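Visitor: I would like a close look at a single part of this model, with its surroundings described in one connected account.

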Amino acid sequence: MNKIKKIKVIDGISWVEIPEAEVYIQCGCPADSVKHLMKQRLISSTEKDGVTFESGPNVILLSDVMLQGGEFSNLAEFPVLQMLYKQGMILPNHPNNTGIKPMIIGIKEQVESQLKYIYRGNYGLNSEEEIIETGIDPEFAKELMNMKLKFAFGKLQQSEDFLDTRVIESDPIEIRNGVTIRRLSLNVFEINYRNDSVTVDLNLSGFEGYEAVYPLGFNLVSRDYFSVIHLGEGDGWDINRPSMSSILMFHGKIYLIDAEPNIINCLLALGIGINEIDGIFHTHCHDDHFAGLTALIRADRKIKYFSTPLVRSSVAKKLAALVSIEESSFEKYFDVHDMDFDTWNQIEGLEVKPIFSPHPVETNILIFRTLWKGGFRSYAHFADIVSLKVLENMIRHDSSKPGISEAFYERIKKDYLTEANLKKLDIGGGLIHGDAEDFRTDKTEKIVLAHTSLSLDEQQKEIGSGAAFGTVDTLIPSYKDYVWQFAHKCFRSYFPTAPEHQIQILLNNEIVQFNPKTIILKEGELKDEIPLILTGNIEAIQPGKARHLLYPGTLVGELSAMFKSPSLQTYRTIGFVQALNIPIDLYTEFIILNNLYNEIERFQTVREFLSSTWLFGEGISFPVNKEIYKATQVRFYKAGEFLSKLNPKSIYIAEEGLLVRFKEKTVIETLRPGDFFGEETALFDSSQLFQIQTLEPTILYEIPGELLGDIPIIRWKLFESFEKRKRLNLKLEASDSNFFYWKDWYKIGIPQIDDQHKKLVELAVELCKAVNAKKSKKEISATLTSLIDYTKFHFDIEEQLMGGNNYSEFEKHVERHKELINSIQSLHSRLDNEDDELNLADFFTKWLIDHIFKDDKNFSAHLKKEEIYF
């Protein structure tokens, strides 16, 4: 009889249970993973000693890589909350609180990232200093920290206080009660218990993302003057509806309010393309409002990000913890627009007032308004809020204790009842969500109740309405044709030198509507019209290639029609689609009249090839594509060439041929047409991870990394690939018995620092050898002291260089040095402690990676940018 049972939940999520050992493992935790388990009844209601609670996992297995298919692979916030509170594993006197902590297991980098991300998800900013850095008055910052401590029952706990962890390598490691796990390859694991074993593969097939929990119907929504489209009434536990979020239409522009985990499928169902999103208004960093941010990176421009500096800082810190990037990287993906609290911020005619909302993490609720006949029309989006009853119990009468002042409470109470034409409320209840009863006397014209997985009771129905997915509340009707305006905007940006009267000729054609799942153009077909997609999304399908999403603004089959060649792809609608049908003879004549035919013909081959690849095939508009084509250079190589003289600031993509990436005679990856390389040096300040050799005659396209780095969707895909390849590199190095011997790719390009790094590596090797040889404590201590002394000397030299060269990250780097000194000094006591399972190889691996590959590489990049050479 098998002792281990494995169930595939979806691609990227599996369930493994060993009842005899009381081990239940959720393998993989992307967004909404808890909902997937609930859907398959792997989480269900149970009862013990008269207490009803949920069953579920007690171990979470993390993906080796943070991103797959452009989406987060590891979002353990809600799975951990489910274990702690819904299962009762942390609740005092709960029958399921046996003293055993929930556990997170995975590679060291992912475990550490999750602990930091969960901490930020619990508390947001963690000190008065961090709050003050966002521009908050010191007195109010003190008030906020007192409130935060009250929510946290007096103490901000580190994630390690309530979570156990295990780091998985290639050797088996015990989870608990005799259950072991080991890594077989990237994202592939073997779980063993008493001569029984199962294999778990967390890799996604192809380039697809994670499957949605629930299907959504298709809606055809108009582009309005001022309206609200409701995306969901649910919360992070609702298995049937999206979490509370909205779309705001203003002057035909589309704005999101929060980014719930299923946002990409919501947009597809509504026929809205990512490139149509003008901006996002963000309330706070909890995953049911945060996890969809990656969807907004799937555009070819930076989408505007609107929030207060307080909330933005909390969100950026959580994202940085999650994917191990610098907080400042947030602005490489979003166009940040900070708003002021309690002020009407002007945004192209739309006025927005953020109001502080008491919550465990920094939160602003939002009121939107615009002028219309009879005065302003307004929408209030109140997520997340806390019930007045909970707030009242938080009022403190001793200023030295956590809590809130009575004045603060009265202010919040007044803010809640701000009148609007439409107001959507969080009524999730409990200790951190709202209560509909607080709004019984609210004079708002229409209240929508949301942020709950429960059906409304009779009392709630007396207070507010529901709003199913896709329903619309129109605040100001539209008397303009925004779809036609979008078509005009597309042609003006595509053909900036064309005279207006010729643009009008293209615009004076029929707008047609396609139903969901309709083929517009089949592979091998020729058509007499070129559809310009105005609303909705289509997919491009080509045998043996990744499926691509194409957004509004796409000209479907343009090259095929112009050059009278059969289409290479099949184009199929996803939801409702509206398109402007342009006769091919009219379009061709327009191109010839404006002297564009030769240019289009010249770039035809490059354009057709790049549009068929995973990296360039999705979400790139015509003008951005045009810039890419113009900057692309073609390189030819013979079979057997070693590509040692490549431009480190360029990305290379194979158009024809076969190449291998290798390291010290070990082949790591085979590259075929459509594959790319060079992202580590071009964009991510890393040394070249691998060497490249051609196996066949090869054609490469060389594209400047600086150009691609400014296109969010491409930068995000390159970052995903970089993280995977870095993981392969570290695995290769970790398996190398000579890992700690100096190698040339450790160099950062500053000779003095490189020499000192080499000396540090030699001293670290000496210490490892002394410990492995079990030399005397005196000898080991002396070796360690030499390493510490030299480390301090080295850091002093680095800090002198940084201080004298206007390095903006100087203070952070100095703090990092202090952390590293503290960690290496702790080895004195740790080496004396026989119970400390210290792995010196792991310790110095992390130490070297963080110090050399990350911190010092950034400084080196700064010097190169400033053209400072040594």
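Visitor: Does Leu84 count as buried or exposed, and at what relative accessibility?

Guide: Leu84 counts as buried because its relative accessibility is 4%, where buried means under 20% relative accessible area, exposed over 50% and partly exposed in between, with a 1.4 Å probe and protein chains only. The model is predicted, so local features need pLDDT of at least 70 and side-chain atom pairs pLDDT 80 or more, while totals for chains, interfaces and linings use all residues. Residues are numbered from 1 along each chain as its sequence is written, and side-chain values use heavy atoms, without hydrogens or water.

Leu84 belongs to helix 2 (helices are DSSP runs of H or I, at least four residues, and strands runs of E, at least two, numbered from the N terminus). Apart from neighbours within four places in sequence, Leu84 is in contact with Met89, Ile90, Leu91, Pro102 and Phe162 (contact means heavy atoms within 4.5 Å). Gly209 is 125 residues from Leu84 along the chain, and the two C-alpha atoms are 28 Å apart.

Helix 2, residues 77–86, also gives the most to the lining of the second largest pocket, with seven residues. A pocket here is an open set of points on a 1 Å grid over the protein atoms alone, where a 1.4 Å probe fits, with protein on both sides within 12 Å along at least five of seven lines; lining residues have an atom within 4 Å of a point. Helix 3 (108–123), helix 5 (138–151) and helix 10 (388–393) each supply at least two lining residues as well. The lining comprises 48 residues, and Leu81, Tyr85, Leu431, Ile432 and His433 lie nearest the pocket centre.

Ile714, leaving aside neighbours within four places in sequence, is in contact with Leu615, Phe616, Ile620, Ile628 and Leu708.

Across the protein chain, the secondary structure comes to 27 helices and 41 strands. Of its 870 residues, 59% are buried. Along the principal axes, the C-alpha trace spans about 90 × 75 × 70 Å.
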